[in-house]
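Good morning, and thank you for coming. I would like to take you through the charged and aromatic contacts of one structure, and then through its surface. Please look at the display before I continue.

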Amino acid sequence: MNNRTYLNFNSAFYKKALEISYLSKKISDYLNTDLSVLSDDGTENPNIYFSGDIIQQSVSLSSEVLKAQQTTKASQKYVHAHTLEWLTYRMTQSCKRLSKCNSDGRDFILILKKEIKKFKKLQKQWVLSL
């Protein structure tokens with residue numbers, strides 16, 4: 001793989017991370033309106049925390065991609081790659097939990113899951129290029 005292709009691939013990898021971050025923020029905003037309502041007994045919906053988790057994890061996703069691209073040591077790149085793998089796993093788990101919540105925004109979670117799958121494919125190719 002020549003250097004130009006490598007840079008283009010990495011920029012696509014980073015752009016996908018930014019797309020996931022933007023999408024997760026919008027989905028969380030939409031879900032929060034449904035999940036922030038207190039139940040009849042005054043308790044809050046526990047799923048509201050998972051909507052915040054997808055934001056935190058997606059922001060960390062894009063920052064880890066940047067860190068990995070800026071690192072020159074191969075061993076450090078693998079550390080960032082492992083962190084990215086863990087973050088995508090956690091995002092997938094949070095999406096599963098949110099898809100079970102009582103909200104109209106559950107349909108949007110499917111879109112986020114698809115984008116995470118696309119990111120995982122890019123991630124596998126990226127790891128092979130390390």
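This is a predicted model: local features need pLDDT of at least 70, side-chain atom pairs count only at pLDDT 80 or more; totals for chains, interfaces and linings use all residues.

Glu-19 is partly exposed, because its relative accessible area is 42%, and the terms here are buried for under 20% relative accessible area, exposed for over 50%, and partly exposed in between, with a 1.4 Å probe and protein chains only. Residues are numbered from 1 along each chain as its sequence is written, and side-chain values use heavy atoms, with hydrogens and water left out.

What does the side chain of Glu-19 meet in a salt bridge? The partner is Lys-16, at 3.1 Å from N to O; a salt bridge here is a side-chain nitrogen of Lys or Arg within 4 Å of a carboxyl oxygen of Asp or Glu. In general, side chains of opposite charge can pair when their charged atoms come close. Both Glu-19 and Lys-16 belong to helix H1, three residues apart, or about one turn of the helix. Helices are DSSP runs of H or I with at least four residues, strands are runs of E with at least two, and the numbering starts from the N terminus.

Is Lys-16 buried or exposed? Lys-16 is buried, since its relative accessible area is 12%. Lys-16 also forms a salt bridge with Glu-115, where the closest N and O atoms are 2.5 Å apart. That pair links distant parts of the chain, with Lys-16 in helix H1 and Glu-115 in helix H4, 99 residues apart. Glu-115 is likewise classed as buried, at a relative accessible area of 14%.

From Glu-115 we move on to Lys-118, as their side chains meet in a salt bridge of 3.3 Å, N to O. Glu-115 and Lys-118 are separated by about one helical turn, because they are three residues apart in helix H4. Lys-118 is partly exposed, with a relative accessible area of 43%. Through shared partners, salt bridges join Lys-16, Glu-19, Glu-115 and Lys-118 into one network. The structure holds four salt bridges.

Let me turn to the aromatic rings. A pair of aromatic rings is described by the distance of the centres and the angle of the planes. Rings of Phe, Tyr and Trp (its six-membered ring) pair if their centres lie within 6.5 Å; planes under 30 degrees apart count as stacked, over 60 as edge-to-face and the rest as tilted. The count by this rule is three aromatic pairs. Phe-13 and Trp-126 are stacked, because their ring centres are 5.1 Å apart and their planes lie at 25 degrees. This pair links distant parts of the chain, Phe-13 being in helix H1 (residues 3-35) and Trp-126 in helix H4, 113 residues apart. Phe-13 is buried, at 0% relative accessible area, and Trp-126 is buried, at 1%.

Tyr-30 and Phe-108 form an edge-to-face pair, 5.2 Å centre to centre with 85 degrees between the planes. Here too distant parts of the chain are linked, Tyr-30 in helix H1 and Phe-108 in helix H4, 78 residues apart. Tyr-30 is partly exposed at 38% relative accessibility, and Phe-108 is partly exposed at 35%. Ring pairs also link Phe-13, Phe-119 and Trp-126 into a cluster.

Finally, the surface. Patches are made of residues with over 30% relative accessible area and no salt bridge, like charges being joined within 9 Å and nonpolar side chains (Val, Leu, Ile, Met, Phe, Trp, Tyr) within 5 Å. Tyr-30, Phe-108 and Ile-111 form a nonpolar patch with about 260 Å² of accessible area together, areas coming from the Shrake-Rupley method.

Which residues gather in a patch of positive charge? They are Lys-96, Arg-97, Lys-100, Lys-114, Lys-117, Lys-120, Lys-121 and Lys-124. Helix H3 (74-99) and helix H4 (106-128) are the elements that give two or more residues to this positive patch, and H4 gives the most, with five residues. Lys-121, in helix H4, is exposed, with a relative accessible area of 60%.

Definitions and conventions: Accessible areas come from the Shrake-Rupley method with a 1.4 Å probe; for residues, only the protein chains shown count as cover. Lys and Arg count as positive and Asp and Glu as negative; His and the chain ends are not counted. The place of a charge is taken as NZ of Lys, CZ of Arg, CG of Asp or CD of Glu.
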